[in-house]
Amino acid sequence: MERRSFIEMFLAGATGFTSIAKPVKDTHESFSWNKIAKQYPDSRSKLLNLNTGSAGVMPKIVEEQFLNFVSALNRSAPYEKAAIWKELELRAKQELAEMVGADADELALVRNTTEGLNYILTGINIPKNVDVVASQCDYTLALDTLKKLAKEKSFNLKMIDLELPLNREEILAAYKKKITDSTELVLITAMTHREGQIMPVSEISQIAKEHGAKVLVDAAHAIGHFEHSVKNWNCDFYCASLHKWLGGPLGTGMLYVKRDRIVEVRGSYNANQNLLDKMEKFESVGTKSFALNAAVLSAVYFHQSIGTKKKHNRLMDLTDYWTTSINGFPNIKVYKPEEYGGITSFHLPGSSSDILSFFQSKNIHFKKVRAPKAKQTNYRISPNIYHRYKDLDRFIGAMQEYTFGL
Ligand SMILES: Cc1ncc(COP(=O)(O)O)c(C=O)c1O
């Protein structure tokens with residue numbers, strides 16, 4: 001089946017939505033990353049965007065379908081056609097559920113990871129005086145929510161002092177030290193945003209379970225990036241961004257709650273009583289753009305036509321390429337974790353505004369991050385599957401110019 005057919009859309013009038021079809025598995029006989037690159041809008045752009053970890057990029061075909069969905073919505077009475085949009089949403093959930101080893105009715109489509117995390121953290125019962133364990137390498141907004149809640153609900157927020165990258169044993173030892181029988185909940189970030197460390201989620205989760213604690217996984221960078229399953233991770237709650245590595249439109253995310261925990265989490269405040277044991281209670285938020293969730297299905301299909309393993313290998317190859325190339329440059333320290341993908345950081349001494357503006361003057365963008373324990377400024381490089389080695393050569397060349405000129 002041609003690529004056209006998996007993304008082939010529906011919009012033959014207001015009733016034509018049903019022709020969106022799952023891709024037949026690509027045998028990859030004619031597979032090439034250059035061909036993939038051509039399917040992204042920004043592959044020919046002058047801007048070298050090495051910050052795709054903050055927000056991913058929709059492939060052109062997904063963007064096109066998304067825009068078609070927006071037009072279709074604008075040309076119909078959306079609630080009259082709700083059944084069609086709901087069908088696309090359901091199919092998106094079924095595909096996502098298969099990707100992460102869940103059932104579709106354990107998933108809700110939400111706006112992003114942050115919304116999912118907030119639903120869980122504010123929606124479960126965290127009794128007074130219990131411990132909630134998190135680490136300094138967890139995402140800032142999750143920690144902000146936890147800090148506020150710890151005050152409001154009088155639980156103890158026990159922070160793990162991690163200076164990543166570390167090896168698996170060191171990470172497990174740090175979690176083991178903090179998790180006790182007083183622990184109610186453990187927050188685990190599957191891939192950390194500053195360092196790109198893939199965490200040993202299953203093993204940390206196992207420690208938590210041995211102490212009777214619940215596990216919440218922040219999988220913002222995991223979905224569409226590396227293979228995983230909520231069953232193997234044995235987590236109770238899981239939140240992910242679909243607009244990062246999966247390539248969905250901005251403002252798309254998902255929330256998983258293990259079936260027997262659904263009733264324990266308060267949903268949207270307005271959600272109807274009959275939704276108590278249903279994930280729809282997290283989706284009951286008034287009028288939404290159906291186009292967003294419909295385009296998630298397009299993004300999943302595009303992703304499936306390549307496959308998670310292949311994407312992860314490609315992202316590791318790109319990381320290996322730039323990290324190896326700049327490693328010997330003067331004053332550079334690269335922090336590549338043992339288990340990694342498309343995110344890694346490096347340190348370069350000097351004023352961060354000088355460094356960033358030097359690279360920006362060359363149309364190369366990346367993100368400044370703060371190492372929480374070392375209290376030093378690092379720089380995060382997060383290319384995407386559409387970047388080619390020659391794109392990274394531009395970054396490496398600029399880096400050479402900057403560091404050898406120091
Ligand atoms: C680890 C991690 N968790 C959560 C988030 C928040 O994601 P979103 O903005 O999609 O809510 C981010 C954003 O970059 C992140 O890196």
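**Figure 1. Confidence along the predicted model, from helix H1 to strand S6.** In this predicted model, the pLDDT (the predictor's confidence in each residue, from 0 to 100) is lowest in helix H1 (residues 3–7), with a mean of 37, and highest in strand S6 (residues 214–218), at 99. Helices (H or I, at least four residues) and strands (E, at least two) are DSSP runs, numbered from the N terminus. Over residues 1–19 the pLDDT is below 50, and this stretch has 35 contacts in the model beyond near neighbours in sequence, where two residues are in contact if their C-beta atoms, placed from the backbone, lie within 7 Å. Where pLDDT is low, the predicted coordinates should not be read in detail. For the protein, the mean pLDDT is 92, and 93% of the residues reach 70 or more. Because the model is predicted, local features need pLDDT of at least 70 and side-chain atom pairs count only at pLDDT 80 or more, whereas totals for chains, interfaces and linings use all residues. Residues are numbered from 1 along each chain as its sequence is written.

Figure 2. The domain assignment, which is automatic or from a database, gives domain 1 (86–301) and domain 2 (309–404). Taken over C-alpha atoms, the centres of domain 1 and domain 2 are separated by 28 Å. To the contact, domain 1 gives 17 residues and domain 2 gives 22 residues. On the side of domain 1 that touches domain 2, the residues divide into 6 nonpolar, 6 polar and 5 charged; here Ala, Val, Leu, Ile, Met, Phe, Trp, Tyr, Cys and Pro count as nonpolar, Asp, Glu, Lys and Arg as charged, and the others, Gly among them, as polar.

**Figure 3. Helix H4 and its cover.** Helix H4 (residues 82–100) has 19 residues and reaches 27 Å from its first C-alpha to its last, close to the 27 Å expected at 1.5 Å a residue, the expected span being 1.5 Å times one less than the number of residues. Among the buried residues of H4 are Ile-84, Trp-85, Leu-88, Ala-92 and Leu-96; a residue is buried if 20 or more other C-beta atoms lie within 10 Å of its own, exposed if 12 or fewer, and partly exposed in between, with C-beta atoms placed from the backbone. The cover over the buried residues of H4 includes strand S2 (107–110), helix H9 (230–233), strand S8 (253–257) and helix H10 (290–306). Just after H4, Gly-101 takes a positive phi of about 70 degrees.

**Figure 4. The shell around the ligand.** Residues surrounding the ligand include Ser-54, Asn-112, Tyr-139, His-193, Asp-218 and His-221, where a residue is near a molecule if its C-beta atom, placed from the backbone, lies within 6 Å of it. By class, this shell has 2 nonpolar, 9 polar and 1 charged residues.

Figure 5. Most residues other than glycine have a negative phi, and most peptide bonds are trans. In the loop between strand S4 (156–160) and helix H7 (168–178) is Pro-165, and the peptide bond from Leu-164 to Pro-165 is cis, with omega near 5 degrees. Asn-129, in the loop between helix H5 (113–123) and strand S3 (131–135), has a positive phi of about 70 degrees although it is not a glycine, and Asn-129 counts as exposed because it has 10 C-beta neighbours inside 10 Å.
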